[in-house]
Amino acid sequence: MDPHDGDPGPANTDTMSSKRSGSMFKSMASIKVNSLIFESMARFPWPWMLVLPVIFAILAGVGWSQDEIVETEVANIWIATSGDYYKDKDYRLSLLPPGTSARGGSSSFAAVASSRDGSNIFTPDRLEEIRTRMEATESVTVKYNGKTFTYQDVCASNNAGLNTVYKFPCVRLSPMDYFQEARWFFDETDKLTFYSSVIQEQLVKPRIKRFGTMTQTCMSTGATSVGDFCDDLYNTRVEAGETLLLFADLGNLGMEDPCKICVEDGFEQSMEQLTFLVTSLFQVLAAETQKVAADPLNPNAANAQASLADLGAILQRMDREAVEDFYLHYVTRSLYATLGVDDYMNNYAALMAGLGPVCDGVKGATQSPVDCARTVDMPTAFANLLSHADHEFSSYNTAGFPFPFYSQNGLSPLFFGNEPVGGSGINMGGILLSTTAYLDLENYATPADWKPLYANGETLDSWGGDATWNALAETDPVYNWFMGSVRPLTSHCGNQDLKGTPEGSPGADTIAGIMAQSTSRWCTQYNTPFEEDAELTQQHFARMWYQLLIDSSSFLGITQGESDPYTWTTGQGCPYELRGERPKYTNATEEEVLLVASTELYYIDEGESVGQIDRRLLIGGANPPVGDYNVENPLKSASSMQNIYISTSPEGIQNRVKNCNRPGGSIDLSYEDAEEVLLLFKEEFEEAWSAGWDNKNAGDVQFTGFFDDVGVIGTTGRMLEEITLAGGTLMGISFVIIAVFSAGFLASADLVESRALLSLLGVGLVLLSFFAALGLAIIIGIKINVTIGWTLPFVLIGLGVDDMYIVILALKKNQDRSTESFVAIMKDVMVPISMTSIVNASMFAIMNISDIPAIYETARAGLIAIVFLYVVIVFCFPAYCYLDMIRQRQRRYDVLVCIKSKAEPLSESEQNSARRSGRIMYEAFYKPIMITKGPVRVISHISIFVITIVLGAISIWGVTTGKVGLGLEVRVHY
């Protein structure tokens, strides 16, 4: 369609001039500029039609394709950007390392479980429902870039010491930890870590060593006593037959307790002194051995050379940790006798009551050196237990047998000897540090006074020729223990049955059964080597034996790879005992469950790291209130409980998944990828926990949850995003309504006069300019917030369409479809369009005075949109109007522009009549209801008045009674 086809041209210039002779005065410069713009638009409409839409489309595409276009932090919407708080926040953000998020730190998920009927949540059935939901939630996985991530990848902590990442359960706080059933998440790896890093490192090693200090230094009977600080505690436990509970006491005593003070101070001093002496001892031994090795005339030179290598290896590993390791096993040896003496005497008497006559018979027949006494006294029992600890290590039965009834380390028949079976394999029965006397270590630094006990008076002889060496050094626990670290031993951990009397002897089968029942089987698959020989060191097997001794039923009663914090308690937490277990809710009554829930609550470490957990944080709707109930006044009911799950930061995830212990292999993640993983996890974790929260038939327990916005957005951020974008549907509906009504009001039965397509194009340009304005706002850093999303589209689109109407209606009234009339009309409509745009822009500009982001960012986005709407209505839409005017001049149909009307042009009166009949919406609906006199108009006016009053009243009521907020109570029922 030629835009100049049918143009009357200059012939109408005078006519138009006369018609506009009464126009308002305007400056000549303004008239000239406007004329040039619209004349150019009439001469070359296509550039004006296309340039702005293309630019706006690019701005909209670039802006709306940005990441994080929606503001998801409440603080960035409603917190003022002036004042001390904002300055402090801004300063904190300035200190963040480059490339990290302002959301750094650990994130928490509040997982709430409430009884739907408001009654007691602590019933066996409801607790099982909660446990099942916890298991399902903690098993959630997410996929990102082809990789699968689990809760272990994102939780705040999943270790219990060095090199245990991914080998221990994730930290979480839950009232379910009251009960043993909460142990479902402890797998075999976790149990092994619990054994090695918790039991061994936090209980066994520190407390046994301090037990030695308590008995030797802090009691009046100790060898290095400094007072009776621990006498009362020790005697009370021993007299009550609770000696083992001293280990729990050593952890539970307050730091202000005199016994605790003495033990801690004494331990530090004794370890420093012992480390110095042991290190000095082996340094002197190495120096003296070097002298022998350097003397080619000394017959022991070759032996000394070999010994130097061993001493060098010992000294290379010599430090306080190695000395404390020695002290641990040295104390364990004496503790074995101290704790076991009573059981030894009782078990010995019970065994000999039945087998004493057999022992007599074997002794008489074989001349065995066995002692067939029916009982033993305490000193003998004590000595026999120590002898067992010092005895040779046994791969036949590692646990062995403390009664001296065998020979050949258990390979002989019963009663064929007077030795125990098994032992540590390192003799520590001599005087501690007796080697220092042999070397005269005290005077070594003073040559004139130094007098070692060398047999030849000149050089060391530790290779068999010096009886004094054999008497002092070879029996020294320190020397034997450390030399055991370089002495090889081929053996393994074994569990074979102890032998009975020889086959064929009277009662052999019965006695074999008795001995099989008496056999201890300490070894597990986790004891290396197990059931197959391997060459290691004496010290390795000695450690194994003492460790198994501590684990045994007569000591701690713990099983490596099987016990966990729920089935084996340390006694650190007040409700628990050493070697105890947490209660079960299965098959318990409601009263029994409530009684358990009335005690103090501890994490699985029984308070070692986080202390007693504040129940006010985790238990809700309690009767009596939290703090008022206890075991004497137990809890009667509680309507809800809350679990706290803690996630790490994106940076923490980056570091975590690089760990070589990660199941499935380590992964390299960028910070942005880690953020995405955490975001996906938060969504999936919350969905898994809250599944069915709004379904009344989904069990007795309602599950709701709330993730904070630390690290990446959580519940509030996602809700804010949902609310911000939730207007999309309403927005779309409003746009359709605007388009339909616009087309309807400008449609006509006369398809030439109709302007439906033009109105739709105008609405489209208004929408494009609005979204382009928001695209530019996003590009310059203004995120779409809830106020922008729920106000600007509905307000500004209407303003833009209103300006479009001004242009169309002005052109519609003019029947002279010449270029000059088009230019003149457009110059006229510039005034109202410019005025409304300036007023609207000024309003938004004034709003920038506010320091509330919700206000000034909305104002800035609105100001950009006003400018874009003005530009598109003034510099783009008129070109479309001009082409539509040409269409009408060429008698082409609206919409179907390729079809021309074959009817003759109407006269002016006929055109007016047709125009009136073509105004469908006005003639058919508005005029008869609102303008034409009669009862219909009266009824419609009264109805409108009543509706206005009702809506006004409802508005006043809503404003005065409504709650302000985001409706978070919908998500968290607590």
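Modeller: Buried means under 20% relative accessible area. Keep that cut-off handy, and remember that this is a predicted model.

Biologist: Okay, so why is cysteine 262 called buried?

Modeller: Its relative accessible area is 10%, and the cut-off is under 20%, so cysteine 262 counts as buried.

Biologist: What makes cysteine 262 and cysteine 218 a disulfide?

Modeller: The cut-off for two cysteine sulfur atoms is within 2.5 Å. In this pair the S to S distance is 2.1 Å, so a disulfide joins them. The bond links distant parts of the chain: cysteine 218 sits in the loop between helix H8 (188-217) and helix H9 (231-239), while cysteine 262 is in helix H11 (residues 258-293), 44 residues apart.

Biologist: And why is that disulfide called left-handed?

Modeller: The torsion about the S-S bond of cysteine 218 and cysteine 262 is about -100°, so we call it left-handed.

Biologist: What makes the disulfide of cysteine 230 and cysteine 259 right-handed?

Modeller: There the torsion about the S-S bond is about 105°, so that one is right-handed. The sulfur atoms of cysteine 230 and cysteine 259 lie 2.0 Å apart. As for burial, cysteine 230 has a relative accessible area of 0% and cysteine 259 has 3%. Under 20% is the rule, so cysteine 230 is buried, and so is cysteine 259.

Biologist: How many disulfides does the structure hold?

Modeller: Five. Number the bonded cysteines in sequence order and the pairing reads 1-2, 3-6, 4-5, 7-8, 9-10.

Biologist: Switching to helix H24 (residues 727-746), which of its residues are buried?

Modeller: Gly727, Met731, Ser734, Phe735, Ala739, Ser742, Ala743 and Leu746.

Biologist: What makes you say that the buried residues of H24 line one face?

Modeller: Look down the axis of H24: its buried residues fall within an arc of 160°, so they line one face of the helix. Here's a handy general point: an α-helix has 3.6 residues a turn, so residues three or four places apart point the same way.

Biologist: What covers the buried residues of H24, and which exposed residues are on the face turned away?

Modeller: The cover includes helix H23 (715-725), helix H25 (756-779) and helix H26 (786-813). The face turned away from the buried side carries exposed Thr729 and Val740.

How values were computed: Residues numbered from 1 in each chain as written. Predicted model: local features only at pLDDT ≥ 70, side-chain atom pairs only at ≥ 80, totals over all residues. Heavy atoms only, no water. Buried < 20%, exposed > 50% of the residue type's maximum accessible area, 1.4 Å probe, protein only. Helix = DSSP H or I, 4+ residues; strand = E, 2+ residues; numbered from the N terminus. Arc of directions from axis to C-beta. Contact = heavy atoms within 4.5 Å.
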